[in-house]
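Morning, everyone. I have one structure for you today. Have a look at the sequence and the model first.

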Amino acid sequence: FWGFSFVTDPSLSALRWGELGPWRMLDMVENLGAGGLNLGDIYSLIGAVGYAFYVVLLDRATREVHPGAVTVIQMFFCGILALAISPLVETPVLVPSWRLAGAMFYLIFLGSILALALMNWFQRKLTPLRAVLIYATEPVFAAFIGFLAFGAGMSSREIAGAVLILSGILVSDLWEIAAARRGRRKARAG
């Protein structure tokens with residue numbers, strides 16, 4: 001999912017090849033064509049395109065409206081939608097307890113409202129591409145915190161994935177710095 005949003009978001013936000021990198025879109029098409037598409041790939045692509053639109057629209061919304069208002073609207077809509085859909089997909093059962101109250105407090109306030117409010121607040125200071133690059137580090141930090149908190153190890157494949165994610169961010173930042181330098185040189189020469 002993150003890989004697809006990483007590819008689609010820049011193309012939706014600016015439609016400039018300079019932000020995409022030289023071969024990113026061609027690699028995506030080649031990789032999809034090599035193994036064929038299955039239903040999971042299609043769901044991932046739909047989700048990634050939806051996520052790309054979300055990041056671009058969030059960028060616009062947080063520049064025009066206070067991020068706190070955007071957070072309230074997002075949480076209210078998602079809460080109402082989840083309550084409306086839940087009886088259709090499951091039989092909701094809540095057994096009141098202090099453990100449930102603590103879990104709900106953590107998930108609602110810290111894991112949802114605070115996390116979303118921080119994302120919305122800082123989103124207006126970033127480009128959509130930069131935001132997606134930062135969001136792509138989520139699994140890396142989740143693995144790191146899992147290691148610190150629970151001693152959970154990572155396989156060599158997972159470590160390689162973390163290195164690729166962090167390397168991609170580094171290369172993207174270096175690419176942006178190089179593009180800015182080229183722009184300054186052109187401005188001085190012209």
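Predicted model: local features only at pLDDT ≥ 70, side-chain atom pairs only at ≥ 80, totals over all residues.

Read from the N terminus, the order is simply α-α-α-α-α-α-α-α-α. There are 190 residues, and 21% of them are buried. The chain exposes about 13,500 Å², with carbon and sulfur atoms supplying 72% of that area.

Now contacts. Take those between residues at least 6 apart in sequence. Of these, 77% join residues at least 24 apart.

Next, helix α5, residues 67-89. How far should its 23 residues span? At 1.5 Å a residue, we expect 33 Å. The C-alpha atoms at its ends are 32 Å apart, so the model agrees with that expectation.

Where does α5 kink? Look at Leu83, where the angle is about 25 degrees.

Which residues of α5 are buried? They are Pro67, Val70, Thr71, Gln74 and Ser86. Their cover includes α4, residues 39-64, and α6, residues 98-123. An α-helix has 3.6 residues a turn, so residues three or four places apart point the same way.

Last, helix α8, residues 138-150. Its 13 residues reach 17 Å from first C-alpha to last, close to the expected 18 Å. What comes just after α8? Gly151, with a positive phi of about 70 degrees.

That's my tour. Over to you.

Note on methods
Residues numbered from 1 in each chain as written. Heavy atoms only, no water. Helix = DSSP H or I, 4+ residues; strand = E, 2+ residues; numbered from the N terminus. Expected span 1.5 Å × (residues − 1). Bend = angle between axes of the 7 residues up to and from the residue. Buried < 20%, exposed > 50% of the residue type's maximum accessible area, 1.4 Å probe, protein only. Contact = heavy atoms within 4.5 Å. Areas by Shrake-Rupley, 256 points an atom, 1.4 Å probe, with all protein chains shown as cover.
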